[in-house]
Amino acid sequence: MSDVKTIEPKAGDAILVYLNPDERGRPREAVVVVADDGKPRVYLNECKHIPIPLDAGTAQLLDDETGMLFCGTHGALYRLEDGYCTAGPCMGETLDPLPFEVDENGNVLLSPDAEPAAT
Ligand code: FES
């Protein structure tokens, strides 16, 4: 991977990572979290209700009460472990996971060109 980004994920944090823009020049971000199993997950920072960032530009990504990923626009809640939406207007849908690697120190290695797998 060229220009790979190295992220040190910590339990209880959600880290925003800038990615390269999409083919239409729109900005893209990833969100890196650590699930209850202690392993990181990386998702595209884009709600499944309306394709806008979960944090709506606030950088607040986790719900204070549940610790789940939270969409600040209409309140959707997503599980950390699989991105599954359990509440809100897009209940039953799943955030787009991004491919990544983990180095020997537990850091997430993420390509700025990372794309969700085609479904
Ligand atoms: S835009 Fe995320 S719940 Fe509506």
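Where does Ile50 lie relative to β4 and β5? Ile50 is in the loop between β4 (40-44) and β5 (69-70). The structure is a predicted model.

- Pro89 is 39 residues away from Ile50 in sequence, while their C-alpha atoms are 9.6 Å apart in space.

**Nonpolar core**
- The largest nonpolar core contains 26 residues.
- Within this core, the residues with the most contacts are Ala30, Val31, Val42, Leu69, Leu98 and Leu110.
- At least two core residues come from each of β2 (14-19), β3 (28-34), β4, β5 and β9.
- The strand that gives the most to the core is β3, with five residues.
- In soluble globular proteins, nonpolar side chains tend to be buried together.
- Leaving aside residues up to four places away in sequence, the contacts of Ala30 include Val17 and Leu19, Val42, Tyr43, Leu44 and Asn45, as well as Leu98, Leu110 and Ala114.

**β3 and its partner strands**
- β3 is largely enclosed by the rest of the structure, because five of its seven residues are buried.
- β2 and β3 run antiparallel and are joined by six bridges.
- One of the bridge pairs between them is Leu16 with Val31 of β3.
- β3 also pairs with β4 in the antiparallel sense, over five bridges.
- Val32 has Val42 of β4 as its bridge partner.
- The hairpin of β3 and β4 has five residues between the strands.
- In this hairpin, Gly38 takes a positive phi near 85 degrees.

**Open sheet of β1, β9 and β8**
- Three strands make up an open sheet, ordered β1-β9-β8, with antiparallel pairing.
- β1 (5-7) and β8 (101-102) are at the edges with a single partner strand each, so one side of each has no neighbour in the sheet.
- Strands of a sheet pair through backbone hydrogen bonds, in either the parallel or the antiparallel sense.
- β1 and β9 (residues 108-110) run antiparallel and are joined by three bridges.
- Ile7 has Val108 in β9 as its bridge partner.
- β9 also supplies at least two residues of the largest nonpolar core, and Leu110 is among the residues with the most contacts inside that core.

Note on methods: Residues are numbered from 1 along each chain as its sequence is written. This is a predicted model: local features need pLDDT of at least 70, side-chain atom pairs count only at pLDDT 80 or more; totals for chains, interfaces and linings use all residues. Two strands pair if DSSP finds at least two bridges between them. Helices (H or I, at least four residues) and strands (E, at least two) are DSSP runs, numbered from the N terminus. A nonpolar core is a set of buried Ala, Val, Leu, Ile, Met, Phe, Trp, Tyr and Cys residues joined through C-beta atoms within 7 Å. A residue is buried if 20 or more other C-beta atoms lie within 10 Å of its own, exposed if 12 or fewer, and partly exposed in between; C-beta atoms are placed from the backbone. Two residues are in contact if their C-beta atoms, placed from the backbone, lie within 7 Å.
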